[in-house]
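Thank you all for coming.

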Amino acid sequence: VRIFSLPQKWLWCESWCSDETKAEAMTIDLCNNPEHKEAKISMAKRIISGDLFEESWEELDEMVRNYDDEFSQFELTKL
């Protein structure tokens, strides 16, 4: 079975890609960099932010948390 690598723009990872190429990335892999021990959440907050993104990771996380709270309240009213 032949194995093919994806072009860098299809799978950007901080470990082997430069910050300059992040703007062209179609997907961002929050891969673990062996040189830095960093939790995925802190990586997401740091990497998924700035002018390249409509919302920051923190805004997206807050939006999901609000939806979760609304759903939980809805489920409680059904009981």
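Let me start with a definition: by relative accessible area, computed with a 1.4 Å probe on protein chains only, a residue is buried under 20%, exposed over 50%, and partly exposed in between. What you see is a predicted model, in which local features need pLDDT of at least 70 and side-chain atom pairs count only at pLDDT 80 or more, while totals for chains, interfaces and linings use all residues. Residues are numbered from 1 along each chain as its sequence is written, and side-chain values use heavy atoms, with hydrogens and water left out.

A salt bridge here is a side-chain nitrogen of Lys or Arg within 4 Å of a carboxyl oxygen of Asp or Glu, and searching the whole structure gives 4 of them.

Take Arg46, which is partly exposed at a relative accessible area of 39%. Its side chain forms a salt bridge with that of Glu38, at 2.8 Å from N to O, and Glu38 is itself partly exposed, at 26%.

Now to helix H2, residues 57–78, where helices are DSSP runs of H or I with at least four residues, numbered from the N terminus. Arg65, partly exposed at 41%, has a salt bridge to Asp61 at 2.8 Å, N to O, and another to Glu62 at 2.9 Å, N to O. Asp61 and Arg65 are separated by about one helical turn, because they are 4 residues apart in the helix, and Glu62 lies 3 residues from Arg65, also about one turn.

How values were computed:
Helices (H or I, at least four residues) and strands (E, at least two) are DSSP runs, numbered from the N terminus.
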